[in-house]
Amino acid sequence: MPCYRCGARQTDPVRGASPWKRGVRRETQVLICPDCQRLHDLDLEACGTCGSTALICRLGEVECRACGSVRLARADAFVGSDAMAGSGAPPGLSAEVEAALNRVLGRA
């Protein structure tokens, strides 16, 4: 998954903790590269209980890694065209994935 702000891709991990940060934006889990963490307002959702932005989204739930609070993801966050416009997928990603699958599967 690329950085939702700039589209940078993660490289092979180095030993130790990853410098990439996880967060939730518009009820979707996103990754933030180290450069964007320093340069931009991240516009991430915060926990309603403790205010932390250390959230993860999985199986329709949003969990706070700081306090453990869990809530259901809001379905209304997905309605409308601007929810998909800010999805974070860089242009051409689907074509790149298709080309990679063709290489792996030996398709022409």
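Which residue in the turn of the hairpin formed by strand 1 and strand 2 has a positive phi? The residue is R26, with a phi of about 55 degrees. The legends below start from the whole chain and then take up individual sites in this predicted model.

**Figure 1. Overview of the predicted model.** The protein contains three helices and five strands. Read from the N terminus, its elements follow the order β-β-α-β-β-β-α-α. Of its 108 residues, 26% count as buried. The protein exposes about 7,500 Å², and carbon and sulfur atoms supply 54% of that area. Among contacts between residues at least 6 apart in sequence, 40% join residues at least 24 apart.

**Figure 2. The hairpin of strand 1 and strand 2.** Strand 1 covers residues 21-25 and strand 2 covers residues 28-32. The two strands are paired antiparallel, with five bridges. Within this pairing, R22 stands opposite L31 of strand 2. Two residues separate the strands, and R26 lies in the turn. E27 is also found in the loop between these strands.

**Figure 3. Surroundings of E27.** E27 has a relative accessible area of 2%, so this residue is buried. The side chain of E27 makes a polar contact of 3.1 Å with the side chain of R71. A polar atom of the E27 side chain also lies 3.0 Å from the backbone nitrogen of R74.

**Figure 4. W20 and the residues around it.** W20 sits in the segment before strand 1. Its relative accessible area is 17%, and W20 therefore counts as buried, the cut-off being under 20%. Leaving aside residues up to four places away in sequence, W20 touches P2, C3, A8, R9, Q10, L31, I32, C33, P34 and Q37. One of these, Q37, is 17 residues from W20 in sequence, and the two C-alpha atoms are 8.4 Å apart.

**Figure 5. The salt bridge between D43 and R25.** Side chains of opposite charge can pair when their charged atoms come close. Here the side chains of D43 and R25 meet with an N to O distance of 3.2 Å. The pair links distant parts of the chain, 18 residues apart: D43 is in the loop between helix 1 and strand 3, while R25 is in strand 1. D43 counts as partly exposed at 45% relative accessibility, whereas R25 is buried at 16%.

Figure 6. Helix 1 spans residues 34-39. The closest N and O atoms of R38 and D35 are 2.6 Å apart. R38 is exposed, with a relative accessible area of 62%. D35 is partly exposed, with a relative accessible area of 45%.

**Figure 7. The hairpin of strand 3 and strand 4.** Strand 3 (residues 55-58) and strand 4 (residues 61-64) run antiparallel and are joined by four bridges. R58 has E61 as its bridge partner in strand 4. Two residues lie between the strands, and L59 in the turn has a positive phi of about 50 degrees. R58 is partly exposed, at 41% relative accessibility. R58 also forms a salt bridge with E63, in which the closest N and O atoms are 2.2 Å apart.

Notes: Residues numbered from 1 in each chain as written. Predicted model: local features only at pLDDT ≥ 70, side-chain atom pairs only at ≥ 80, totals over all residues. Heavy atoms only, no water. Buried < 20%, exposed > 50% of the residue type's maximum accessible area, 1.4 Å probe, protein only. Polar contact = N/O pair within 3.5 Å; in protein donor to acceptor, adjacent residues only side chain to side chain. Pairing = 2+ DSSP bridges. Contact = heavy atoms within 4.5 Å. Areas by Shrake-Rupley, 256 points an atom, 1.4 Å probe, with all protein chains shown as cover. Salt bridge = Lys/Arg side-chain N within 4 Å of Asp/Glu carboxyl O.
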